[in-house]
Amino acid sequence: MKKKVIIIGVIASFLGIFLYYSLSNVQPTVNDNSPDWVPIHEAQQMAASSQKQIFVDVFEIGCKYCRAMDREVFPDSTVRQVMDANYIPVRLDGNSEEPITFNGKQVSSKEFAQSKGAYVFPTSLILDAEGNVIKKKTGYMGVDEFRQFLYQ
(Lines give C-alpha, C1' and ligand atoms only; values in the text may rest on other atoms or scores of the structure.)
Protein backbone atom coordinates (compact mmCIF):
# COMPACT_ATOMS: atom_id res chain seq x y z
CA MET A 1 0.00 0.00 0.00
CA LYS A 2 2.79 2.44 0.89
CA LYS A 3 4.58 1.64 -2.36
CA LYS A 4 1.55 2.57 -4.47
CA VAL A 5 1.10 5.87 -2.63
CA ILE A 6 4.78 6.75 -3.08
CA ILE A 7 4.72 5.86 -6.81
CA ILE A 8 1.52 7.85 -7.40
CA GLY A 9 2.99 10.79 -5.48
CA VAL A 10 6.20 10.76 -7.53
CA ILE A 11 4.27 10.54 -10.82
CA ALA A 12 1.91 13.34 -9.79
CA SER A 13 4.85 15.53 -8.77
CA PHE A 14 6.62 14.87 -12.06
CA LEU A 15 3.50 15.69 -14.08
CA GLY A 16 2.89 18.87 -12.06
CA ILE A 17 6.46 20.11 -12.57
CA PHE A 18 6.36 19.19 -16.26
CA LEU A 19 3.07 21.03 -16.86
CA TYR A 20 4.23 24.08 -14.92
CA TYR A 21 7.43 24.48 -16.96
CA SER A 22 5.71 23.64 -20.24
CA LEU A 23 2.96 26.21 -19.81
CA SER A 24 5.11 28.93 -18.26
CA ASN A 25 7.52 28.95 -21.20
CA VAL A 26 4.90 29.41 -23.93
CA GLN A 27 5.84 32.46 -25.98
CA PRO A 28 4.54 33.60 -29.34
CA THR A 29 6.88 32.83 -32.21
CA VAL A 30 8.36 35.62 -34.28
CA ASN A 31 8.40 35.24 -38.04
CA ASP A 32 11.28 36.50 -40.15
CA ASN A 33 9.22 38.96 -42.20
CA SER A 34 6.92 40.17 -39.41
CA PRO A 35 6.55 43.92 -38.93
CA ASP A 36 8.92 45.63 -36.50
CA TRP A 37 6.48 45.81 -33.60
CA VAL A 38 6.86 48.97 -31.50
CA PRO A 39 5.72 49.62 -27.90
CA ILE A 40 2.51 51.67 -27.81
CA HIS A 41 4.04 54.70 -26.05
CA GLU A 42 6.75 54.93 -28.72
CA ALA A 43 4.18 54.47 -31.48
CA GLN A 44 2.16 57.40 -30.14
CA GLN A 45 5.23 59.63 -30.20
CA MET A 46 6.16 58.47 -33.70
CA ALA A 47 2.59 59.00 -34.98
CA ALA A 48 2.49 62.52 -33.54
CA SER A 49 5.61 63.48 -35.48
CA SER A 50 4.69 61.71 -38.74
CA GLN A 51 1.72 61.29 -41.04
CA LYS A 52 1.32 57.65 -40.03
CA GLN A 53 -1.44 56.06 -38.00
CA ILE A 54 -1.02 53.34 -35.37
CA PHE A 55 -1.99 49.76 -36.22
CA VAL A 56 -2.60 47.64 -33.10
CA ASP A 57 -2.81 43.85 -33.25
CA VAL A 58 -4.57 42.71 -30.09
CA PHE A 59 -3.86 39.00 -29.69
CA GLU A 60 -3.94 36.23 -27.11
CA ILE A 61 -1.11 33.72 -26.75
CA GLY A 62 -3.35 30.63 -26.98
CA CYS A 63 -5.43 31.92 -29.92
CA LYS A 64 -5.06 29.78 -33.06
CA TYR A 65 -6.44 32.53 -35.32
CA CYS A 66 -3.94 35.02 -33.88
CA ARG A 67 -1.13 32.59 -34.67
CA ALA A 68 -2.51 32.06 -38.18
CA MET A 69 -2.50 35.82 -38.86
CA ASP A 70 1.03 36.06 -37.47
CA ARG A 71 2.15 33.18 -39.66
CA GLU A 72 0.21 33.89 -42.88
CA VAL A 73 -0.89 37.52 -43.05
CA PHE A 74 1.64 39.84 -41.38
CA PRO A 75 4.71 38.43 -43.24
CA ASP A 76 3.05 38.80 -46.67
CA SER A 77 5.10 41.20 -48.81
CA THR A 78 2.09 43.20 -50.04
CA VAL A 79 0.76 43.59 -46.49
CA ARG A 80 4.22 44.67 -45.34
CA GLN A 81 4.40 47.34 -48.04
CA VAL A 82 1.11 48.90 -46.93
CA MET A 83 1.98 48.57 -43.22
CA ASP A 84 5.48 50.03 -43.59
CA ALA A 85 4.26 52.97 -45.70
CA ASN A 86 1.23 54.01 -43.65
CA TYR A 87 1.30 52.55 -40.13
CA ILE A 88 3.32 52.15 -36.99
CA PRO A 89 2.72 48.51 -35.91
CA VAL A 90 1.99 47.61 -32.27
CA ARG A 91 1.21 44.21 -30.74
CA LEU A 92 -0.56 43.78 -27.41
CA ASP A 93 -1.63 40.69 -25.52
CA GLY A 94 -5.28 41.43 -24.79
CA ASN A 95 -5.29 39.20 -21.68
CA SER A 96 -2.03 40.41 -20.18
CA GLU A 97 -1.69 42.42 -17.00
CA GLU A 98 1.61 43.84 -18.33
CA PRO A 99 1.66 47.60 -17.73
CA ILE A 100 1.81 49.92 -20.73
CA THR A 101 1.87 53.71 -20.95
CA PHE A 102 -0.83 55.24 -23.12
CA ASN A 103 -1.76 58.93 -23.25
CA GLY A 104 0.53 59.47 -20.27
CA LYS A 105 -1.33 56.98 -18.06
CA GLN A 106 -0.16 53.55 -17.02
CA VAL A 107 -2.71 50.77 -17.59
CA SER A 108 -2.53 47.05 -18.21
CA SER A 109 -2.62 45.72 -21.77
CA LYS A 110 -5.95 44.08 -20.93
CA GLU A 111 -7.48 47.36 -19.71
CA PHE A 112 -6.25 49.16 -22.81
CA ALA A 113 -7.66 46.49 -25.13
CA GLN A 114 -11.03 46.52 -23.39
CA SER A 115 -11.18 50.32 -23.45
CA LYS A 116 -10.87 50.11 -27.24
CA GLY A 117 -13.56 47.41 -27.49
CA ALA A 118 -11.21 44.46 -28.02
CA TYR A 119 -12.83 41.57 -26.17
CA VAL A 120 -12.40 38.95 -28.94
CA PHE A 121 -9.06 37.90 -30.40
CA PRO A 122 -7.59 38.74 -32.78
CA THR A 123 -8.76 42.34 -32.97
CA SER A 124 -7.18 44.77 -35.40
CA LEU A 125 -7.30 48.47 -34.52
CA ILE A 126 -6.27 51.58 -36.40
CA LEU A 127 -5.68 54.53 -34.09
CA ASP A 128 -4.71 58.14 -34.62
CA ALA A 129 -1.87 59.75 -32.65
CA GLU A 130 -4.25 60.68 -29.80
CA GLY A 131 -5.42 57.08 -29.48
CA ASN A 132 -8.87 57.47 -31.00
CA VAL A 133 -10.15 54.38 -32.80
CA ILE A 134 -10.49 55.08 -36.51
CA LYS A 135 -11.23 51.53 -37.59
CA LYS A 136 -11.73 48.20 -35.81
CA LYS A 137 -12.25 44.64 -36.96
CA THR A 138 -12.40 41.47 -34.92
CA GLY A 139 -11.55 37.96 -36.03
CA TYR A 140 -9.21 36.38 -38.54
CA MET A 141 -8.65 38.15 -41.85
CA GLY A 142 -6.87 36.61 -44.82
CA VAL A 143 -4.24 38.56 -46.78
CA ASP A 144 -6.69 40.19 -49.21
CA GLU A 145 -9.26 41.07 -46.56
CA PHE A 146 -6.55 42.46 -44.26
CA ARG A 147 -5.08 44.58 -47.06
CA GLN A 148 -8.56 45.99 -47.73
CA PHE A 149 -8.91 46.75 -44.02
CA LEU A 150 -5.66 48.73 -44.10
CA TYR A 151 -6.79 50.84 -47.04
CA GLN A 152 -9.19 53.50 -45.90
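Which residue takes a positive phi in the hairpin of strand 3 and strand 4?

1. That residue is N103, with phi near 55°, in a hairpin that has two residues between the strands. Helices (H or I, at least four residues) and strands (E, at least two) are DSSP runs, numbered from the N terminus.

2. The model is predicted, so local features need pLDDT of at least 70 and side-chain atom pairs count only at pLDDT 80 or more, while totals for chains, interfaces and linings use all residues. Residues are numbered from 1 along each chain as its sequence is written, and side-chain values use heavy atoms, with hydrogens and water left out.

3. Strand 3 and strand 4 (residues 105–108) are antiparallel, paired over four bridges; pairing requires at least two DSSP bridges between two strands. S108 in strand 4 is the residue opposite P99.

4. Buried means under 20% relative accessible area, exposed over 50%, partly exposed in between (1.4 Å probe, protein chains only).

5. Helix 4 (residues 77–86) buries V79, R80, V82 and M83. These fall within an arc of 165° seen down the helix axis, so they line one face; the arc is taken over directions from the axis to the C-beta atoms. Their cover includes strand 1 (53–59), helix 3 (64–73), strand 2 (87–93) and helix 6 (143–150), contact being heavy atoms within 4.5 Å.

6. In helix 6, the buried residues are F146, R147, F149 and L150. Their arc is within 155°, so they too line one face of the helix. Exposed D144 and Q148 sit on the face turned away from the buried side.
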